[in-house]
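Please walk me through this structure.

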Number of protein chains: 2
Amino acid sequence: MLKTAVLGAGYMGSAITFPLADNGIEVNLWGTWLDDSLVEPLIKGCPHPKLKQPLEKTINLYYWQDLQPALEDVQVIFIAIASEGFVNIFEKMLGHLDSKKDYYFFKLTKGFVEYEGKIMRATEAAFDMFARKFPGKDFNIASVGGPVRAMDLSNRTPSASMYGISNERIKAISENFSTDYYRIFTTNDIPGVELCSAFKNIYAMAAGVCDGLYKGQKEGLYHNMVAFLFNQACTEISQVVFSAGGEKQTAFGLAGVGDLHVTSVAGRNRRYGEMVGKGMEGEAAFKKMYSEGEYGEGYIALKLAVPWLEQAHPCILEKLPLLKALNNIIFHKSGPWAEFKELIKKLGF
Amino acid sequence: MLKTAVLGAGYMGSAITFPLADNGIEVNLWGTWLDDSLVEPLIKGCPHPKLKQPLEKTINLYYWQDLQPALEDVQVIFIAIASEGFVNIFEKMLGHLDSKKDYYFFKLTKGFVEYEGKIMRATEAAFDMFARKFPGKDFNIASVGGPVRAMDLSNRTPSASMYGISNERIKAISENFSTDYYRIFTTNDIPGVELCSAFKNIYAMAAGVCDGLYKGQKEGLYHNMVAFLFNQACTEISQVVFSAGGEKQTAFGLAGVGDLHVTSVAGRNRRYGEMVGKGMEGEAAFKKMYSEGEYGEGYIALKLAVPWLEQAHPCILEKLPLLKALNNIIFHKSGPWAEFKELIKKLGF
């Protein structure tokens, strides 16, 4: 039987335990030092404080001190920690692995990481860390994309997930995770899936900004504008993916269009955008959400995406007018209304 | 100055008069025999009964008896009538045109038409009718696609519209219609735009069915499922477009993904689907809406789309499992829950 560790006991790490447990897979759920308040009630059998329901009884729970036992005899490792902690924890985790065994990594973390002074995709950093620790060894990794909200998944609502896979072996492993309600699709386009996951959080803020500008005064009368921005976001994500060596089609599939759909309608990044659309400054809105225990992933992703693009793909920024508008609004105190008006005038005739 | 006739005084025919009037274009708005109750209050200066606001004062209004004067000295003709009346009215209109003049047609009608015993795209039927009446004459037509809800447009909310154009001359004419809030994009892919417009109404019903199944019991917890279906709809629309000689990319742009977004979130087709998802039979739900003065375009489009596909593209139906599920639910009394469960199991691993 497969034995699995899930690193990170937040929304997504905890939610993925449902299809795993339903498949009879043994799961060790490990919380980081920021997750103590989540692991404690779970150990007592209480509901998960974010998902608002108990996990399956078969899940083994571990506090951050117990990373080593959480990884014992494990072949499959899900990494579901915030992008900021990714490099640190991936490195620590590698220290507990056995060079004689094969491992399969499933990365749920979204967004960019900072690694050795550079901004890069989490999978790129992971690849480098793994190769240094285990030179010459095959690195089996899947970058797991949406459209999957943790809340819905933990309610066993039918969900589809796009896995960007490094090889056929990890594809075979991932077949063990699917259930009637958790459907898995695969592609070889890891950069595509990974960039979609990061950028959909960024562009979901645009839908939120639009809500902030219009809600209340034009209720029900700005769907055209939301659809306009949604479509522009899809186009821009496909440009980013293509520039980074991925396939445009990935952006027009589940990991892109599908995940952008769910993220733009529901969730933290949309809500963050709404605060900004209503007039709050970018940093203040991030801090406000943080103080309420919610992490604005899109804000952080945008903060890293712009220098990443400037470094790695400097010519493409001109093709991303919505991204530039968001950057101006969120990091340069530009008025959202003026930015959006300017953007719209630039597009079409 | 451009002189324009708009045929059909319903939602979209009336809404398009806003950007036209704002551009100083003279507009004759003509209502069909079903539109008397719309034209009458407009003539009195009262709000449009559907759009809930008055039109611009410069709009000239015509009852159905006055098609000839409505077309006098006109170069540009917008056709915004329900698909069922399209062939009849297009034929009548041609009878009033002058063979020595050039005309530019902008087709806002969505869905399929029945013409000479065959089901076809409205533009195909129009092309044939025009060629018979004016053999050898250039046919300048644009198939106008979304994502544009009439209510939003008439409120001057920023909107983008994709025009599938037959030639550069009609592109030049359409440049006259754009405003700060009405942005026009063009493509040469007429079949693509036209099929997107028809099929997005069909697939928007799927989002509605999902609402009908879950709303109330799983409020806020079925976004994944909606996104899953949304993505499947985009994929299937792109297959249809490609089979019919259009470009897949059209389905992943404004006319496809963008329009499907606005139609799935708001409007009659989503609402129709919700009634069906709650257990009402397909035909009964259509009749109920009709009795309330609303026309279920998606229902009619699906009714014609299936025989059209069987006739013209018989091999593709197998690639459209969501379309088949909708057809089973709406026309063959199959339970929505069973159909969706079956569909989901078929997709992914």
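**How the two chains meet**

Of the interface residues of chain A, 100% are also interface residues in chain B, so the copies meet through the same surface. Keep in mind that this is a predicted model.

Start with the way the chains are arranged.

Now look at the interface itself. On the chain A side, 50 residues are in contact with 50 residues of chain B. Together the two chains bury about 4,300 Å². Carbon and sulfur atoms account for 63% of that area. Three residues stand out in chain A: Arg183(A), Asn224(A) and Phe349(A). They supply 20% of the area that chain A buries against chain B, more than any other three residues. How many salt bridges cross the interface of chain A and chain B? The rule finds zero.

**A pair of helices inside each chain**

Next, turn to the packing within a chain. Two packed helices are described by the angle between their axes and the distance between the axes. In chain A, take helix α9, residues 223-243, and helix α16, residues 336-346. They pack at an angle of about 70°, and their axes are 12 Å apart. Angles of 65 to 115 degrees count as roughly perpendicular. α9(A) and α16(A) are therefore roughly perpendicular to each other.

Which residues meet here? From α9(A) come Met225(A), Phe228(A) and Leu229(A). From α16(A) come Trp337(A), Phe340(A), Leu343(A) and Ile344(A). By class, this contact of α9(A) with α16(A) has seven nonpolar residues, with no polar and no charged ones.

Chain B has its own α9 and α16, covering residues 223-243 and 336-346. The packing angle in chain B is about 70°, with the axes 12 Å apart. α9(B) and α16(B) are therefore roughly perpendicular to each other. Met225(B), Phe228(B) and Leu229(B) make the contact from α9(B). Trp337(B), Phe340(B), Leu343(B) and Ile344(B) make it from α16(B). The residues of this contact in chain B divide into seven nonpolar, no polar and no charged.

**Details of the backbone**

Finish with the backbone. Which peptide bond of chain A is cis, with omega about 5°? The bond joins Gly146(A) and Pro147(A). Pro147(A) sits in the loop between β8 (140-144) and α6 (150-154) of chain A. In chain B, the peptide bond from Gly146(B) to Pro147(B) is cis, and its omega is near 5°. The loop between β8 (140-144) and α6 (150-154) of chain B holds Pro147(B).

One last stop is Lys52(B). Its phi is near 65°, a positive value in a residue other than glycine. Lys52(B) lies in the loop between α2 (36-43) and β3 (60-62) of chain B.

Conventions:
Residues are numbered from 1 along each chain as its sequence is written. Chains are lettered from A and ligands numbered from 1 in the order in which they are written. This is a predicted model: local features need pLDDT of at least 70, side-chain atom pairs count only at pLDDT 80 or more; totals for chains, interfaces and linings use all residues. Side-chain values use heavy atoms; hydrogens and water are left out. Contact means heavy atoms within 4.5 Å. Axes are lines fitted to C-alpha atoms, for helices over the stretch in contact, and angles run from 0 to 180 degrees between N-to-C directions. Helices (H or I, at least four residues) and strands (E, at least two) are DSSP runs, numbered from the N terminus. Angles under 35 degrees count as roughly parallel, over 145 as roughly antiparallel, 65 to 115 as roughly perpendicular and the rest as oblique. Ala, Val, Leu, Ile, Met, Phe, Trp, Tyr, Cys and Pro count as nonpolar, Asp, Glu, Lys and Arg as charged, and the others, Gly among them, as polar. Buried area is the accessible area (1.4 Å probe) that two parts lose on being put together, summed over both. A salt bridge is a side-chain nitrogen of Lys or Arg within 4 Å of a carboxyl oxygen of Asp or Glu.
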